[in-house]
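Dear colleague,

I am handing over the structure below, and I would ask you to keep it open while you read the notes that follow it.

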Amino acid sequence: MHARLWRTAAPLLLIGVLLVATGCGRGGDHGSGDYKIAIVTRNFTNPYWAALRDGAIAEASHLGVKVSVQAGQSETDADGENAQISTMAAQGYDCFGVVPVNGTNVITPLTTVARKHTPILNLDTQIDANASQQAGVSYASFIGSDNLEAGKTAGQQMLAALGGTGKVAVLQGIAGEQNGINRDQGFSDTVNGKLDIVQRAPADYEQDKGLQVTEAILKAHPDITGIFAANDTMGLGAAQAIKNAGRTGQIKVISVDGIKAALDAVKAGTLYGTVTQYPYAEGQLAVQGCLALHQGKQLPPRVVSPIAFINTANVDQQIGSFPKPIVTFDNPVEGLLNK
């Protein structure tokens, strides 16, 4: 049986922009005290990516390895993210974990990493396989949630909330970003022929844009009864627009991610529910995966982190457990590590 992912994490100390964790942990057991892991994600403004960072730092401290987690300045800052990868590629890191902005933006800077035969983990958002192969970049594993399943879960819950009928709108993420596409597809396929999707509109995974786009949707379609948002920050913006219009409770908002602010909104009744994806776990899995590679182990080609639907029935449990999952998760990566 695989080891369970979760344990009590040591307190974290985050200093400056360079986020490095070195722990006594079990470093001696693994002989990996000088092992350096680089993780690059989109930004730390979005609590989802901040949670991934925190999970990686906590796990590095626990395992006695070093990790530096860097990011761009916004969800769409491909240039900033690429600059971080290029800088870190010249700094002697032993393993990279990368969350792209889109399917191709990180491939060019990762060619330098690949030429050094440094292992790379594709985290959270799929990098285009064909473009990567043409550039000579390969990945030891993909670690992330099943976004089609997240969208399907949201669709099933929306159908239940609306009694199987009604008009809904969809707040999409960044144009061309695969996670949002998959969430939209999973939701749409599930409600097809039952709910009428009257409008789809991108809001770039940002709360302010989620609010503005929802305001426009409410004017164009005042009879909608549900909104699916491809992430929590957009969902929170939608919930605020609905509250401003005096329609809280009349329009159900379901979003994806499970950030703390979304859990609080579910408890308060402004958000109907969130499909939580546990990015903290993804950060832990990234560090574990890199260390397993260092120990000569082969990772599964795809490692799926857990998801769960959170509403008023279980939100107190999830808040109490946050950022840990409230669903059982057998971790195939941690079981590979030398004890």
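The side chains of Asp257 and Arg183 form a salt bridge at 3.7 Å, N to O, the term meaning a side-chain nitrogen of Lys or Arg within 4 Å of a carboxyl oxygen of Asp or Glu. This pair joins distant parts of the chain, Asp257 in strand β10 (residues 252-257) and Arg183 in helix α7 (residues 178-191), 74 residues apart, where helices (H or I, at least four residues) and strands (E, at least two) are DSSP runs numbered from the N terminus. Both Asp257 and Arg183 are buried, that is, under 20% relative accessible area, with exposed meaning over 50% and partly exposed in between (1.4 Å probe, protein chains only).

Please note that this is a predicted model, in which local features need pLDDT of at least 70 and side-chain atom pairs count only at pLDDT 80 or more, while totals for chains, interfaces and linings use all residues. Residues are numbered from 1 along each chain as its sequence is written, and side-chain values use heavy atoms, leaving out hydrogens and water.

A salt bridge also links Asp184 and Arg200 (3.1 Å, N to O); since Asp184 lies in helix α7 and Arg200 in strand β8 (residues 195-202), the pair ties together parts 16 residues apart in sequence. Asp184 is buried, with a relative accessible area of 10%, whereas Arg200 is partly exposed at 39%.

Asp204 forms a salt bridge with Lys209, their closest N and O atoms being 2.6 Å apart, and Lys209 is partly exposed, with a relative accessible area of 31%. Arg42, Glu75 and Glu177 are linked in a network of salt bridges, and the count by this rule comes to 10 salt bridges.

Best regards
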